[in-house]
Amino acid sequence: MKKALAIVLSLLLVFGMVACGGGAEVEEGPLVVLITDTGGLGDESFNDSAWAGFQRAETELGVQIQVIESATSDDYLPNISAAVEAGAALIICNGFLMAEATQQGAEQYPDQAFALVDSADAQAPNILNLTFNEQEGSFLVGVAAAAMTESNVIGFVGGIQLPLIEKFQFGFQAGVKAANPDAQVLINYTQSFSDSALGKENALAQNKLGADVIYHASGGCGIGVIQAAGEQDFWAIGVDQDQSALDPDHVLCSMIKRVDVATFNAIKMVVDGEFEGGGYVFSLADEGIGAGDEAGNLPADVLASIEVWKEKIVNGEFEVPYDANTFANFSL
Amino acid sequence: MSGVTVIAVIASAIRLATPLLLSALGGVFSERSGVVNIGLEGIMIFGAFFSVLFTHITGNAWIGVVAAIIFGIVMAALLAVVSINLKGNQIIAGTAVNLLAAALTAFFLELIWHRSGSTPICPDMLTSNPIRVLEKLPVIGDLFKQFTPFIYIAIVLTFVTYYILWKTPWGLHVRAVGEHPKAADTVGIGVYKTRWICVLLSGVLAGLSGACLSIGTVGLFREGMVAGKGFIALAAMVFGKWHPIGAMGASFFFGICLAIQIQAQSFGLDVPGEFLAMVPYVATIIVLIGVVGKAVAPKADGQPYEKDEA
């Protein structure tokens, strides 16, 4: 009796799922799927920004959008398979953490269009690599930090120490050095993109050593950095999106990385039938990278000097360092 | 290193150790009664989420703390039913709690705030020192500047736990149940009842620990914010030899390892972060293989108790 009941119930469940699945298939534009890295949506940063591009594409291009959040790195490949099975016209894998899975996925499904944000490590004819010159935007907020510090001690809190995050670090250090050679930059890495408590402790430690402006490139740890700034009354600099809404009185400005522009453009390519593999680098020149100050905390003279530096970078007067080597050789 | 820096490192270590300690105490209660509680992580996630939810609803973080405790108990009750009454595998039950808590909170987040990933910032938090007088102390006054209420609560609860488990008749019952439930049953100690109470107490403590991470640290809930601390708390419990004072020492040790690493980085010293991140696990393994004294789990830890019907 119990067994029969169990069978009936599971059948009901299966039919229920099929029914739901059927209901979702409204005849509309192509389906595009975003797969987030373990940071997930709600980071008020990288993944949210990518999703914003999807939402814009939904209204402007009439595509169907879907997001799959990865709980662990073991989920990347299964999530890619799920997206392929759902019939996605384009799968956007968000983040360098997904490079390996994207490579495998692209080989397994050679006819499927993929876009990989933030990494050029996965290469295949059906992968479009969307990368950014984060060092350029970081340079600009470095200029802002150098102008606003009173102690001449500035902090940088990174997530996991990877070449990508080092682009933020060295670009930032170069900006500080260019605008205020006397200022010292403290460097910390939390080795996590989700442990907010660790972000806070790292920022508090830097503040204790005198840092009064702290730039973070640490995903979900960043909320801890901003919280510390509020408690100890110093400046935090946000990353990826304008993070001033989290604490308008303590977020000085943010390094903006228009992941939304990147995802939107990739979707547009598919809609226009122009998708092809390869690489695209967003930079200051095409507004894919920038510095933003929605809360209006930057004085006019600092804004002006940021503009001057931006001009120089866009005109190619010098190359912004992005790793230890280029930074060591950096001089103006 | 100057004195100020030493104080800053110690303060940082204590802040990092507090959520570990609260959860580890929960583990001590549960495992001393013979129930392995691998679900601490999940209970912490629940505590972290519901403290934020109720702080948002009521505007009072203390009500959030009460909510964290209540929902910690709810999660622990699930573990208790499965592992005590239904005599299920405790490890699997605990793992289920972890998975369920992570998934449910993500679902509620979507349901309540229509966003995924993180909640808005709470209108009220418990991130400042409630006992201002201590900051006026000479030399160590600085230490207390960022002591949250949770730090005081954790320290008090450590000694309360010790007192209950080692100085009261009921504590003796708990330990008897964890060592030899049959013998305890024979002399009229209710094995199921004792285990139930202990597992629920672990829910109270791990729930508090979750609240400490959310409203006591950053003032919001973020998916993944517990970041494996429930498991490090378990390691602290083992490293502390299933003893509350030991768990306190172990939590502080893990905290200070992290704090030193953070400080060393700020100073520009190159200490590989991965190496120090391993310390809790390496320390636990060393204790388990008996290099630093011997850590013996309660004898009946992990075994469901089958009452003889005869």
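**Notebook: rings, cores and a domain contact**

I began with charges over rings: A:K177 lies over the face of A:F327, 5.4 Å from the ring centre. I keep in mind that this is a predicted model. I then looked up A:R56, whose charged end sits over the ring of A:F264, 3.6 Å from the centre of that ring.

**Aromatic pairs**

Next I turned to rings against rings. I got 31 aromatic pairs over all chains. I picked B:F50 and B:F71: their ring centres are 3.8 Å apart and their planes meet at 5°, under the 30 degrees that the label needs, so I put the pair down as stacked. Where do the two residues sit in the chain B helices? I found B:F50 in helix α2 (residues 40–58) and B:F71 in helix α3 (residues 61–85), so the pair ties together parts 21 residues apart in sequence.

I checked how covered each one is. B:F50 has 6% relative accessibility and counts as buried, while B:F71, at 23%, counts as partly exposed.

For B:F147 and B:Y152 I noted centres 5.9 Å apart and planes at 70°; that angle is over 60 degrees, so this pair is edge-to-face. I have both B:F147 and B:Y152 down as buried.

**Cores**

Which residues have the most contacts inside the largest nonpolar core? I got B:F150, B:I215 and B:F221, in a core of 84 residues.

Leaving aside residues up to four places away in sequence, B:F150 touches B:T18, B:V65, B:L126, B:L208, B:A211, B:C212, B:I215 and B:G216. Apart from that core I found another, of 69 residues, with A:W51, A:V141, A:F264 and A:F330 among them. A:F264 is the ring under A:R56.

**Two domains in chain A**

Last, I took the domain assignment of chain A, which gives domain 1 (31–132 + 260–286) and domain 2 (134–257 + 299–328). I put their C-alpha centres 27 Å apart. The contact takes 12 residues from domain 1 and 17 residues from domain 2. Between them, the two domains bury about 1,400 Å², 63% of it on carbon and sulfur atoms.

Which three residues supply more than any other three of the area that domain 1 buries against domain 2? I noted A:F96, A:F132 and A:L284, with 45% of that area.

Technical notes. Residues are numbered from 1 along each chain as its sequence is written. Chains are lettered from A and ligands numbered from 1 in the order in which they are written. This is a predicted model: local features need pLDDT of at least 70, side-chain atom pairs count only at pLDDT 80 or more; totals for chains, interfaces and linings use all residues. Side-chain values use heavy atoms; hydrogens and water are left out. Rings of Phe, Tyr and Trp (its six-membered ring) pair if their centres lie within 6.5 Å; planes under 30 degrees apart count as stacked, over 60 as edge-to-face and the rest as tilted. Helices (H or I, at least four residues) and strands (E, at least two) are DSSP runs, numbered from the N terminus. Buried means under 20% relative accessible area, exposed over 50%, partly exposed in between (1.4 Å probe, protein chains only). A charge sits over a ring if NZ of Lys or CZ of Arg is within 6 Å of the ring centre and within 35 degrees of the ring normal. A nonpolar core is a set of buried Ala, Val, Leu, Ile, Met, Phe, Trp, Tyr and Cys residues joined through side-chain atoms within 4.5 Å. Contact means heavy atoms within 4.5 Å. Domain bounds come from an automatic or database domain assignment. Buried area is the accessible area (1.4 Å probe) that two parts lose on being put together, summed over both.
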